[in-house]
Amino acid sequence: MQFLLLSKHIKVYAKHKNKIQIMELEQVNSGYTKSAKKYDNLLSFWFGKILRIEKYRKQAVEWLELKEGDTVLDIGCGTGVNFPLIEEKIGSNGNIIGVDYTQAMLKEAEGKIRRNNWNNITLIQGDAIQVNELVNSKVDAIISTYCFSILYDIESALLNALSDRKSVV
């Protein structure tokens with residue numbers, strides 16, 4: 001089994017008036033709901049142009065060593081930024097299962113799916129900590145880019161995600 005955790009943070013921290021505060025799940029949900037419509041542009045600007053770390057998303061998909069027809073679970077799929085990279089590897093015979101907590105992010109992902117005529121993607125609204133309760137089908141690989149850094153219980157999320165899975169990035 002391959003395993004690589006790209007994120008080193010366990011909880012979301014916000015700096016407010018020079019104090020570090022742990023953000024509650026609903027605060028995180030509210031933030032992503034507000035930014036959903038502009039999320040892809042923000043991501044492209046900050047991760048692509050300023051921080052120059054967007055290349056790691058592509059590398060993560062490469063590390064999964066996906067094959068035509070594989071099924072991939074994308075935890076914290078958001079607006080579906082990983083979908084084109086995964087689709088390129090698994091083709092129309094493969095499947096993507098996207099799980100995200102924020103309904104507004106999933107709505108943006110639905111638009112992306114429609115615009116690209118992808119018929120092999122299932123979106124599930126739910127908490128990544130409960131991924132095994134949300135996804136019952138076998139998956140060949142799991143990807144989670146930048147999601148584990150905002151989970152309130154990273155240990156449970158990892159244990160649930162790794163249960164009966166082939167590879168995780």
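The model is a predicted one, so local features are taken up at pLDDT of at least 70 and side-chain atom pairs at pLDDT 80 or more, while totals for chains, interfaces and linings use all residues. Residue numbers start from 1 along each chain as its sequence is written, and side-chain values rest on heavy atoms, with hydrogens and water left out.

The protein chain holds 7 helices and 8 strands; these are DSSP runs numbered from the N terminus, H or I of at least four residues for helices and E of at least two for strands. Of its 169 residues, 44% count as buried, where buried means under 20% relative accessible area, exposed means over 50%, and partly exposed lies in between (1.4 Å probe, protein chains only). As for contacts (heavy atoms within 4.5 Å), 73% of those between residues at least 6 apart in sequence join residues at least 24 apart.

Next comes the helix pair. In general, two packed helices are described by the angle between their axes and the distance between the axes. Helix 3 (residues 55-63) and helix 4 (residues 83-90) have axes that come within 10 Å and cross at roughly 30°. The axes are lines fitted to C-alpha atoms, for helices over the stretch in contact, and the angles run from 0 to 180 degrees between N-to-C directions. Helix 3 and helix 4 therefore run roughly parallel to each other; that label covers angles under 35 degrees, with over 145 as roughly antiparallel, 65 to 115 as roughly perpendicular and the rest as oblique. Their crossing is right-handed, in that the near helix is turned clockwise from the far one by less than a right angle. On the helix 3 side the contact is made by R57, K58, V61 and E62, and on the helix 4 side by L85, I86 and K89. Sorted by type, the residues of this contact are 3 nonpolar, no polar and 4 charged. Here Ala, Val, Leu, Ile, Met, Phe, Trp, Tyr, Cys and Pro count as nonpolar, Asp, Glu, Lys and Arg as charged, and the others, Gly among them, as polar.

The loop between helix 3 and strand 4 is where K67 sits. K67 counts as partly exposed because its relative accessibility is 46%. The C-alpha atoms of K67 and K89 are 6.1 Å apart, although 22 residues separate the two along the chain. E65 also has its place in the loop between helix 3 and strand 4. Its phi is near 55°, a positive value in a residue other than glycine, and at 56% relative accessibility E65 counts as exposed.

Strand 4 (residues 71-75) then pairs with strand 5 in the parallel sense over 5 bridges, pairing being called when DSSP finds at least two bridges between two strands. Strand 4 is mostly covered, with 5 of its 5 residues buried. T71, L73 and I75 point one way from this strand, V72 and D74 the other way, and all are buried. Across in strand 5, L73 has I97 as its bridge partner, and D74 stands opposite G98. Strand 5 (residues 95-100) is mostly covered as well, with 5 of its 6 residues buried.

Y39 belongs to helix 2 (residues 39-50) and is buried, with a relative accessible area of 18%. Leaving aside residues up to four places away in sequence, Y39 touches Y32, T79 and M105. A gap of 9.7 Å separates the C-alpha atoms of Y39 and V81, which lie 42 residues apart along the chain. N117, in turn, is found in the loop between helix 5 (103-115) and strand 6 (121-125). Phi of N117 is near 55°, positive in a residue other than glycine, and N117 counts as exposed at 62% relative accessibility.
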